[in-house]
Amino acid sequence: MSGTDEFEWGTVRTSGCRVLTGNSNPAFAEAVANCLGTKCMAATVAKFANGEINISIADPVRGDDVFIVHSTCSNPEKDLNVNESVMELLLLIHTVKLSSAKRITAVIPHFAYARQDRKAEARVPISASAISQLLVNVGVDRVVTVDLHCGQIQGFFRNTPVNNLSPSREFANYLKSKNIDKEHLAVVAPDAGAVDRARRLADLVNADRVVTILKRRVQANKVDSMHIAGSVKGMSCVIVDDMTDTSGTLCKAAEVLITNGAKQVFAMISHGVLTDPACERISKCDALAEVIVTDTLPQEHNLRRCEKLVVLSVAPLIAEAVNRIHKEQTMDNLKPMGNTYLPPVRGQKQEA
């Protein structure tokens, strides 16, 4: 934690600023609300017997500035899949719209379907565009998200403003706590699309170099070959990416780095989707020292299964964004609220 003496909790003006959430990641929404010195609104987000979603908001929102903090992701502990999560978000927006809210901001820390952002072959959808159009058509006024898979997705929202936040400062602070020699630190972009993300982190920690992995992907979650552009011999390497799903590619990248002379390998991933068998693969991958993710997705079940997993919170960052939007302030040089970083949460040690 840093800078706590410079900030007094509960000083944020919350009059007319309401926080609402669904079932995808309620703990994260509560953390954001706590940073703002308020609580999430009372609401029921349940299902009818046939699986249809049933929403009821207890508090009036007429004339209020409503922030719906809701990742579009699955939540095993709530028996919620990603498609149900998307539907919850759409219906929450629709409900608040019909309740005469002054402004509706969808805070979507993890944006589902972001990987499908273009037509890579014939007869496939551009799913990221479809989700964006649904959000705009249902009545959202603004979108806040974290580390989109591709920045150009912001253009799918037509004339709706989108704030794409970066967790680079959270990653940089944690990396600095490892006390790694900067002259022997390499930040690794696992593909060409991650180069800007890697450069951003490298600048914050003054890393010696940025290295790129060139890979040939044969299909989703499967990579045929990998080659490294740059030297990693004797270096501590940090792989930086926006998400890891089944983690097969991540583990293979770590093994390639070790094979090419890397001393140790960490991974810093904005969104830890970690679909089975991801935790098992990470645990068995000797090349990976740690996998650091954020809490944009619920990680409680993964922390119980993977000792190498470390979770950093971006709730103070989201809270500061909400605070500035509500107060009509600029989003330039955005830092976590009160310049406060919550301590990391580590995975539990597995019994033999």
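This is a predicted model: local features need pLDDT of at least 70, side-chain atom pairs count only at pLDDT 80 or more; totals for chains, interfaces and linings use all residues.
**Entry: the whole chain**

I went through the secondary structure next and found nine helices and 15 strands in the chain. Then I checked the radius of gyration, which is 20 Å, close to the 20 Å that the globule rule gives for 352 residues, so the chain is as compact as a globular protein of that length. Along the principal axes, I see the C-alpha atoms filling a box of roughly 60 × 55 × 45 Å. I also looked up burial: 52% of the 352 residues count as buried.

I then turned to α4, which covers residues 168–176, and α5, which covers residues 195–205. Their axes come within 9 Å and cross at roughly 45°. An angle from 65 to 115 degrees would count as roughly perpendicular and one under 35 as roughly parallel; α4 and α5 are therefore oblique to each other. I noted the hand of the crossing too, and it is right-handed.

Which residues of α4 meet α5? I listed Ser168, Arg169, Phe171, Ala172, Leu175 and Lys176 on the α4 side. On the α5 side, I wrote down Arg200, Leu201, Leu204 and Val205. Ser168 is the polar one, while Arg169, Lys176 and Arg200 are the charged ones.

How values were computed:
Residues are numbered from 1 along each chain as its sequence is written. Side-chain values use heavy atoms; hydrogens and water are left out. Axes are lines fitted to C-alpha atoms, for helices over the stretch in contact, and angles run from 0 to 180 degrees between N-to-C directions. Helices (H or I, at least four residues) and strands (E, at least two) are DSSP runs, numbered from the N terminus. Angles under 35 degrees count as roughly parallel, over 145 as roughly antiparallel, 65 to 115 as roughly perpendicular and the rest as oblique. A crossing is left-handed if the near helix is turned anticlockwise from the far one by less than a right angle, and right-handed if clockwise. Contact means heavy atoms within 4.5 Å. The radius of gyration is taken over C-alpha atoms; the globule rule is 2.2 Å times the number of residues to the power 0.38. Buried means under 20% relative accessible area, exposed over 50%, partly exposed in between (1.4 Å probe, protein chains only).
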